[in-house]
Amino acid sequence: LPEFREHYVKSREAVISRIALALSSPKLSNSQLVVQLEDAIAARTKAKHCVAVSSATLGLMLAVRALTDGRSGDVLVPGFAHNATVLAPLWAGRRIVCLPVNPANFNLCVEAVAHTLANRSVAAIMAIGVAGNPSGLRAVEECARSAKVPLIVDAAPCLGATAVLGEVTIFSMSARKILPAGEGGLVVVSDELLAAQLKDLRLYGSKNGFFCYQQGLNARLSELHAAVALGCLAELDEVLAKRRRFANSLRLALSAVPGVSLQSVDDDVEPAWNDVIVRVPSTHRTELITGLQQVGVDAVPFYDPPIHTHPAFADRCVPDFQGREQQLLSLCAETIGLPVLSSFSDPHIDTIASVFYRILSP
Ligand SMILES: Cc1ncc(COP(=O)(O)O)c(C=O)c1O
């Protein structure tokens with residue numbers, strides 16, 4: 001199997017000792033290790049509050065539920081999106097409006113958001129920091145704030161790159177992310193009341209687990225998952241730095257290959273680079289992915305097919321591409337996601353680059 005997750009080998013003892021602590025605790029979820037993890041992530045991200053949940057998908061769902069409560073209208077989503085980003089508003093009973101993305105940074109297009117806000121009733125906006133690169137999202141945040149519409153940022157791959165953006169920012173701890181805890185999500189928020197509401201929503205929508213004053217669900221994080229994440233935290237910055245070094249070198253190497261273009265980065269953003277995404281001619285994408293997989297690189301088509309074409313979403317998805325549907329379809333047909341790991345180094349870059357050269361400029 002190709003290597004596709006971080007192992008945090010140096011942290012193994014720290015993880016095991018915390019798991020032992022978790023096993024001796026009277027409560028196996030939402031207890032002292034979960035609180036320690038929440039405090040550590042709030043401090044790291046300079047957020048006032050962190051609410052740990054059992055997956056980023058559930059964090060997104062609870063955030064949509066809390067922030068659209070009492071608001072009418074649709075939820076705006078980027079047309080280039082992960083399934084979870086659109087499942088959250090759909091589970092909250094909302095229609096989604098798919099918007100174009102910025103063709104340079106692949107994130108939600110601020111001009112498209114402004115246009116739609118002027119023409120529709122909007123309950124909330126969802127944006128993604130695609131591949132761990134939140135470029136362009138400060139502008140989306142300003143646009144949402146001036147329209148007084150809540151912004152939920154799916155920052156599943158962005159831990160290390162961003163603090164709170166919008167009302168709620170959500171990181172994932174699933175297997176392919178920088179801090180794999182087994183499963184888990186981290187919701188960071190500035191507003192104290194919102195943090196308290198999210199804590200109740202993850203406990204069925206109650207304060208005590210028995211009396212529901214709102215419709216929540218079970219999104220508690222187990223102490224065992226918190227133990228894994230907490231045990232790895234001391235190594236996170238080292239892992240992040242290695243991943244960044246690898247991703248930057250890989251991007252530099254691939255930028256020289258004819259026919260390859262890269263995701264752009266704002267000057268004031270330092271991406272976490274969960275993946276390196278490249279655009280290639282769609283005619284050569286399948287051959288490239290096969291070639292990469294044959295040399296053990298877990299390359300994938302990125303966010304393809306696009307969300308608005310999935311049968312599961314069709315009846316409650318309104319495309320609003322503002323004349324730019326073809327641009328979005330091309331992006332989805334041309335992208336390849338390449339894995340980034342702290343264990344990867346120059347030989348991986350040579351292997352990957354040689355596949356690109358062989359296929360794109362034989
Ligand atoms: C952009 C994005 N959003 C949401 C998710 C869902 O995260 P989780 O698996 O923790 O629910 C992922 C996970 O791959 C993701 O990459």
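## Contact between α3 and α4

Thr 57, Leu 60, Met 61, Val 64 and Arg 65 of α3 are in contact (heavy atoms within 4.5 Å) with Ala 84, Thr 85, Ala 88, Pro 89 and Trp 91 of α4. By class, the residues of this contact are 7 nonpolar, 2 polar and 1 charged. Ala, Val, Leu, Ile, Met, Phe, Trp, Tyr, Cys and Pro count as nonpolar, Asp, Glu, Lys and Arg as charged, and the others, Gly among them, as polar.

The model is predicted: local features need pLDDT of at least 70 and side-chain atom pairs pLDDT 80 or more, while totals for chains, interfaces and linings use all residues. Residues are numbered from 1 along each chain as its sequence is written, and side-chain values use heavy atoms, without hydrogens or water.

## Geometry of the α3 and α4 pair

Helix α3 spans residues 56-68 and helix α4 residues 83-91; their axes are 8 Å apart, at an angle of about 40 degrees. α3 is therefore oblique to α4. Angles under 35 degrees count as roughly parallel, over 145 as roughly antiparallel, 65 to 115 as roughly perpendicular, and the rest as oblique. The crossing of α3 past α4 is right-handed, meaning that the near helix is turned clockwise from the far one by less than a right angle.

Axes are lines fitted to C-alpha atoms, for helices over the stretch in contact, with angles from 0 to 180 degrees between N-to-C directions. Helices are DSSP runs (H or I, at least four residues), numbered from the N terminus.

## The α5 and α6 pair

Helix α5 (residues 110-119) and helix α6 (residues 137-146) have axes that come within 9 Å and cross at roughly 15 degrees. α5 is therefore roughly parallel to α6. Val 110, Val 113, Ala 114 and Leu 117 of α5 make the contact with Ala 139, Val 140 and Cys 143 of α6. This contact has 7 nonpolar residues, no polar and no charged ones.

## Cysteines

The count of disulfides (pairs of cysteine sulfur atoms within 2.5 Å) is 0. Cys 98 is in no disulfide, and its nearest cysteine sulfur, in Cys 317, is 3.6 Å away. That distance is too far for a bond.

Cys 98 is buried (under 20% relative accessible area, with a 1.4 Å probe and protein chains only; exposed is over 50%, partly exposed in between), at 0%. Cys 317 is also buried, at 11%.

## Arg 243

Arg 243 lies in helix α8 (residues 223-255) and is buried at 1% relative accessibility. Leaving out residues up to four places away in sequence, Arg 243 touches Glu 6, Lys 177, Ile 178, Trp 273, Asn 274, Val 340, Leu 341 and Ser 342.

Conventions:
Helices (H or I, at least four residues) and strands (E, at least two) are DSSP runs, numbered from the N terminus.
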